[in-house]
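Welcome, and please load the model in your viewer.

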Amino acid sequence: MNETSSSFKAAQADFDFESYQKIVQESDHQKGRIYFRRTKNGVDAAFDMAGPAPKQVVYKDGKLYIYEKKIEQVTERTVGSNKSDVEAFLSLGFGARGDEMLRDYDVTMDGWETVDGIKTAKLDLTPKKENVRRTYNKIILWIDPLRDVLLKQQFFEPSGDYRLAHYTNMKLSAKLPDDVFRLKTSGNTRTVKSQ
């Protein structure tokens, strides 16, 4: 992973996110496209989500922007002192260095599983930092070892809720257009700043 990480610049893929809520035993699915790149200042990530509640999420320069298209609202959050944790979390499976992963997580190889016809390494991660464990106490990654790219990831919350992301049509590239990391809002959009 360290060798591949040093040459990693950017990736894009289609995704299917499943969010499961244990208390009501219901799942919600969102489909869309993810964009990820490393910059000299850290990482940028963007999610374009389709469906009945379309939204665009952009993380750039230590700020998170969530644009909810139906209500014409952007919620802006500054990650502040949590920037390194947020970027380490976003980088999981997208160019993260193996030694960084071992620094931040207890990692266990849980065998091999086939995802979309590709033999993947299934890794179980337990966050070492208490503040991260309060959000996600376990993470599973399915990584294609030949291309060192993520095909699936699952985040478990202490409540039993989880989020499962399945990535397809993964493309690694040296550069992505800046436009994918900009919100596409209308002239009627209002912005709310959140803590």
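What covers the buried residues of α2? Among the elements that do so are β2 (26–39), β3 (42–49), β4 (55–60) and α4 (130–133). Before selecting them, a word on the model: it is predicted, so local features need pLDDT of at least 70 and side-chain atom pairs count only at pLDDT 80 or more, while totals for chains, interfaces and linings use all residues. Residues are numbered from 1 along each chain as its sequence is written, and side-chain values use heavy atoms, with hydrogens and water left out.

**Stop 1: helix α2**

Select residues 83–91, which make up helix α2. Helices (H or I, at least four residues) and strands (E, at least two) are DSSP runs, numbered from the N terminus. The buried residues here are Asp85, Glu87, Leu90 and Ser91. Buried means under 20% relative accessible area, exposed over 50%, and partly exposed in between (1.4 Å probe, protein chains only).

**Stop 2: strands β1 and β2**

Now select residues 10–21, strand β1. β1 pairs with β2 in the antiparallel sense over 12 bridges; two strands pair if DSSP finds at least two bridges between them. Look for Tyr20, which stands opposite Ser27 in β2. The two strands form a hairpin with 4 residues between them, and Gln25 in the turn has a positive phi of about 50°.

β1 has another partner to show: strand β11 (residues 162–173), antiparallel over 10 bridges. Show Ala10 together with Ser173, its bridge partner in β11.

**Stop 3: salt bridges**

A salt bridge is a side-chain nitrogen of Lys or Arg within 4 Å of a carboxyl oxygen of Asp or Glu. By this rule the count is 13.

Begin with Arg37 and Asp44, whose closest N and O atoms are 2.9 Å apart. Both Arg37 and Asp44 are buried.

Next, pick Asp110 and Lys122, a salt bridge with its closest N and O atoms 3.5 Å apart. Asp110 lies in strand β7 (residues 105–115) and Lys122 in strand β8 (residues 118–127), so the pair ties together parts that are 12 residues apart in sequence. Asp110 is partly exposed at 41% relative accessible area, whereas Lys122 is buried at 13%.

Finish in helix α4, where Arg133 and Glu130 lie 3 residues apart, about one turn of the helix. Their salt bridge has its closest N and O atoms 2.6 Å apart. Arg133 is partly exposed at 27%, and Glu130 is partly exposed at 42%.

Note on methods
Contact means heavy atoms within 4.5 Å.
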